[in-house]
Amino acid sequence: MTRTVEEEHEYDVVVLGAGPVGENVVDRVRAAGLSAAIVESELIGGECSYWACMPSKALLRPAIARSDARKVAGLREAVHGPLDASEVLAHRDEVVGHWKDDGQVDWLDSIGVRVFRGHGRLLGPRRVEVTGPEGERHVLAARHAVAVCTGSRAVLPELPGLPGARPWTSREATSADRVPERLAVVGGGVVGVEMATAWQALGARVTLLVRGRGLLPRMEPFVGEHVAEALTARGADIRAGVEVSAVVRDGGTGPVTVVLEGGDHVEADEVLFATGRAPRTEDIGLETVGLKPGSWLDVDDSLRVAGSDWLYAVGDVNHRALLTHQGKYQARIAGAAIAARARGDERLDGGKWGVHAATADHAAVPQVVFSDPEAAAVGLSLAEAERAGRRVRAVDLDMGQVAGAGLYAQGYRGHARMVVDLDREVVLGASFVGPGIGELVHSATVAVVGEVPIARLWHAVPSYPTLSEAWLRLLEAYRG
């Protein structure tokens with residue numbers, strides 16, 4: 001293999017990582033008239049497009065649609081038998097473009113962004129080296145900014161026997177080409193819950209092993225309770241308060257044994273570890289600019305790395321909110337800040353909710369868990385608000401009391417909570433669990449971001465009979 005050194009290329013902005021976050025950074029800086037290059041070692045479109053958001057939701061949609069149909073009079077009788085797993089997997093493959101990124105490359109080309117395929121590393125301030133798949137070498141110089149958008153990767157715990165057991169991470173769980181007869185899932189967070197939901201619906205017998213007391217521990221406690229009850233009713237075995245001590249899979253093939261502390265064990269055909277994420281910053285040259293390889297990168301609200309006037313870290317790598325939509329939001333903020341500084345603007349609009357401030361990372365992060373039932377939340381939970389020293393009141397609602405819920409599904413079960421700041425009488429957070437509630441979270445996000453007074457929300461009339469009447473019931477309960 002011959003290594004060649006090409007002359008240096010110069011751009012206004014160089015971006016490491018061409019997932020949704022990196023794509024949005026270059027889109028924003030190009031819209032502002034700056035030149036840009038983007039570097040990617042895998043598929044253009046990144047984790048979300050091929051191994052996370054898109055394939056997981058393609059797997060989950062048939063499961064949730066079937067479940068909803070079985071709760072509708074006159075329709076449940078028509079929805080018999082198992083899902084067609086082969087058709088579901090084939091559709092998943094179509095959704096991810098059969099793991100080809102031609103369309104994404106064409107889009108970047110259409111907006112005038114140069115794509116460099118290969119491994120990118122910082123060479124020092126404003127300089128990036130790219131080593132291509134054939135050993136070719138490019139050196140990129142950035143006039144104004146380098147943005148690190150390399151995302152995060154799944155972390156496997158250090159357990160005896162695990163390296164040779166070929167465990168699934170989120171990537172294998174979303175791209176597998178067959179349904180395991182038995183699936184053990186280690187971890188009760190979003191990935192664990194969603195993949196347990198999907199593979200159980202496709203025919204796997206699922207065992208969920210959770211170290212804590214329940215599922216979805218970062219949400220209000222009632223959310224995880226509803227989801228656990230539904231998974232259990234469909235046949236999942238949920239074991240809370242357990243620790244995995246070892247994994248055994250002779251020769252790396254055949255059944256896998258998950259050994260628990262205390263001597264118990266679980267037999268499965270595959271085991272998924274959904275136990276955390278780490279930043280993909282271990283080999284991108286951080287040491288050349290005085291930063292620690294493999295670390296999360298601290299940033300200000302304009303997403304500029306602390307102590308630097310040219311380096312930005314956007315998306316998962318800054319550990320502010322590990323969600324695709326939040327990373328894309330940060331990218332829009334970062335792009336605007338980079339463009340403003342390139343123009344020589346001395347004062348950025350960096351105050352709360354300013355054009356150049358990612359305020360939502362602190363106050364209004366929305367999330368939907370595509371479980372069955374769905375779960376969604378934005379802003380602060382009751383416990384978080386109380387820990388922050390806020391004087392608050394939580395208002396709860398049985399979603400079954402909403403007229404639209406009974407139309408959506410017979411025997412509808414769900415719950416909603418609104419957390420109100422009593423001093424300002426604005427909504428600090430809201431949480432929902434129940435069929436079809438994912439679409440409610442944006443209205444909650446608007447209320448939180450807008451800091452809309454309760455008195456004004458009273459005049460935001462929800463359409464009858466929809467699930468959104470949950471807002472009316474919550475406000476009625478608050479007002480007494």
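Me: A crossing of two helices is left-handed if the near helix is turned anticlockwise from the far one by less than a right angle, and right-handed if clockwise. So is the crossing of α3 and α4 left-handed or right-handed?

Reply: The α3–α4 crossing is right-handed. Before we go on, this is a predicted model, where local features need pLDDT of at least 70, side-chain atom pairs count only at pLDDT 80 or more, and totals for chains, interfaces and linings use all residues. Residues are numbered from 1 along each chain as its sequence is written, and side-chain values use heavy atoms, with hydrogens and water left out.

Me: Got it. At what angle do the axes of α3 and α4 cross?

Reply: At roughly 150 degrees, with the axes of α3 (residues 53–69) and α4 (residues 85–95) coming within 9 Å. Axes are lines fitted to C-alpha atoms, for helices over the stretch in contact, with angles from 0 to 180 degrees between N-to-C directions. The helices themselves are DSSP runs (H or I, at least four residues; strands are E, at least two), numbered from the N terminus.

Me: Which residues make the contact between α3 and α4?

Reply: α3 brings Met 54, Pro 55, Ala 58, Leu 59 and Pro 62, while α4 brings Val 88, Leu 89, His 91, Arg 92 and Val 95. Contact here means heavy atoms within 4.5 Å. Sorted by class, that makes eight nonpolar residues, one polar and one charged. (Ala, Val, Leu, Ile, Met, Phe, Trp, Tyr, Cys and Pro are nonpolar, Asp, Glu, Lys and Arg charged, and the others, Gly among them, polar.)

Me: Let's zoom out. How many helices and strands does the protein chain have?

Reply: You can count 15 helices and 21 strands. The C-alpha atoms fill a box of roughly 70 × 65 × 45 Å along the principal axes. For the overall packing, look at the radius of gyration, taken over C-alpha atoms; the globule rule is 2.2 Å times the number of residues to the power 0.38. With 480 residues, a compact globule would come out near 23 Å, and this chain has 24 Å, which agrees.

Me: What share of the residues is buried?

Reply: Buried residues are 52% of the 480. The cut-offs are under 20% relative accessible area for buried, over 50% for exposed, and partly exposed in between (1.4 Å probe, protein chains only). Also, among contacts with a separation of 6 or more, 64% are between residues 24 or more positions apart.

Me: How far does α7 reach from its first C-alpha to its last?

Reply: Helix α7 (residues 190–201) has twelve residues and reaches 17 Å, close to the 16 Å expected at 1.5 Å a residue. (The expected span is 1.5 Å times one less than the number of residues.) Ten of the twelve residues in α7 are buried, including Val 193, Met 195 and Trp 199. Just after α7, Gly 203 has a positive phi of about 120 degrees.

Me: And which residues of α8 are buried?

Reply: First, the general idea: an α-helix has 3.6 residues a turn, so residues three or four places apart point the same way. In α8 the buried ones are Phe 222, Val 223, Gly 224, His 226, Val 227, Ala 228, Ala 230 and Leu 231. This helix (residues 221–233) has 13 residues and reaches 19 Å, close to the expected 18 Å. Gly 235 follows α8, with a positive phi near 110 degrees.

Me: Where is Leu 216, and what is its phi?

Reply: Most residues other than glycine have a negative phi, and most peptide bonds are trans. Leu 216, not a glycine, has a positive phi of about 50 degrees and sits in the loop between β9 (205–210) and α8. Leu 216 is buried, at 5% relative accessible area. Arg 126 also has a positive phi, about 65 degrees, in the loop between β4 (119–124) and β5 (127–131). Arg 126 is partly exposed, at 27%.

Me: Which residue does a cis peptide bond join to Pro 373?

Reply: Asp 372, with omega about 10 degrees. Pro 373 lies in the loop between β17 (367–369) and β18 (374–379) and is buried at 8%. Leaving out residues up to four places away in sequence, Pro 373 touches His 226, Val 227, Ala 230, Val 433, Gly 434 and Pro 435. The bond from Tyr 464 to Pro 465 is cis too, with omega near -10 degrees. Look for Pro 465 in the loop between α14 (454–457) and α15 (470–479).
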